[in-house]
Amino acid sequence: MKMRARIGVDLVQISKMAELMEDEAFLRRVFHPPELLDRRPERLAGVFAAKEALFKALGTTRLWLEAEVGWDAAGRPELRVAGEAVPAGLLSLDLSITHEGEYAVAAVVVLLSEEETNGSQNPI
């Protein structure tokens, strides 16, 4: 089976996220309730960056609530996608989030089956 990797990266200014967090409608539109359990600006900036990086890797529009960031038992971030956000041929998603100083950054690697993307007018 042939595979294809897609990569997305996003950088978010933590102070900008702190400002956005004052808007409850924004929070409900972008984040799932479990993502909002820890409302530290650096944490939400990382979650936001992870979702943006995912959408960049997939080449899709921002389907905020069809992507969810969580953490496994070891504290490693993970992404779950549903609905229209799931591309054909999805084999795996990998996520890394970090923050330092004024910024949070996330990188996403998506592994796709190339057979599933061949023949598509808009291959991923």
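Two strands are treated as paired if DSSP finds at least two bridges between them. Helices (H or I, at least four residues) and strands (E, at least two) are DSSP runs, numbered from the N terminus. The model is predicted: local features need pLDDT of at least 70 and side-chain atom pairs count only at pLDDT 80 or more, whereas totals for chains, interfaces and linings use all residues. Residues are numbered from 1 along each chain as its sequence is written, and side-chain values use heavy atoms, with hydrogens and water left out.

**View 1. The hairpin of strand 4 and strand 5.** His-99 has Ala-104, in strand 5, as its bridge partner. Two residues lie between the strands of this hairpin, where Gly-101 adopts a positive phi near 60°.

**View 2. Helix 3 within its surroundings.** From first C-alpha to last, the 18 residues of helix 3 reach 26 Å, close to the expected 26 Å (1.5 Å times one less than the number of residues). Of these 18 residues, 14 are buried, so helix 3 is largely enclosed by the rest of the structure. Here buried denotes under 20% relative accessible area, exposed over 50%, and partly exposed the range in between (1.4 Å probe, protein chains only). Just after helix 3, Gly-59 has a positive phi of about 70°.

View 3. Four aromatic pairs are found in the structure. Rings of Phe, Tyr and Trp (its six-membered ring) pair if their centres lie within 6.5 Å; planes under 30 degrees apart count as stacked, over 60 as edge-to-face and the rest as tilted. One of the pairs joins Phe-26 and Phe-48, with 6.2 Å between ring centres and 40° between planes, a tilted arrangement. Phe-55 and Trp-64 are both buried. Through ring pairs, Phe-26, Phe-31, Phe-48, Phe-55 and Trp-64 are linked into a cluster.

**View 4. The largest nonpolar core.** A nonpolar core is a set of buried Ala, Val, Leu, Ile, Met, Phe, Trp, Tyr and Cys residues joined through side-chain atoms within 4.5 Å. The largest such core holds 30 residues, of which Met-17, Phe-31, Phe-48, Leu-54 and Val-108 touch the most other members. Two or more residues each are given to this core by helix 1 (14-20), helix 2, helix 3, strand 2 and strand 5. Helix 3 contributes the most, with eleven residues.

View 5. The whole structure contains ten salt bridges, each a side-chain nitrogen of Lys or Arg within 4 Å of a carboxyl oxygen of Asp or Glu. Arg-39 and Glu-24 form one of them, at 3.1 Å from N to O. Arg-39 stands in the loop between helix 2 and helix 3, and Glu-24 in helix 2, 15 residues apart. Arg-39 is partly exposed at 38% relative accessible area, and Glu-24 is partly exposed at 37%. In the salt bridge of Glu-35 with Lys-51, the closest N and O atoms are 3.0 Å apart. This bridge connects the loop between helix 2 and helix 3, which holds Glu-35, to Lys-51 in helix 3, 16 residues apart. Glu-35 is buried at 3% relative accessibility, and Lys-51 is buried at 0%. A further bridge joins Arg-62 to Glu-52, with 2.9 Å between the closest N and O atoms. Arg-62 is located in the loop between helix 3 and strand 2 (67-71), ten residues from Glu-52 in helix 3. Glu-52 is buried, at 8% relative accessible area.

**View 6. Arg-43, a charge over a ring and a network.** The charged end of Arg-43 sits over the ring of Trp-71, at 3.6 Å from the ring centre; the criterion is NZ of Lys or CZ of Arg within 6 Å of the ring centre and within 35 degrees of the ring normal. Arg-43 is also linked with Asp-38, Arg-40 and Glu-42 in a network of salt bridges.

**View 7. Ala-74 in its loop.** Ala-74 is found in the loop between strand 2 and strand 3 (77-81). Its relative accessible area of 74% makes Ala-74 exposed. Between Ala-74 and Val-47 the C-alpha to C-alpha distance is 17 Å, at a sequence separation of 27 residues.
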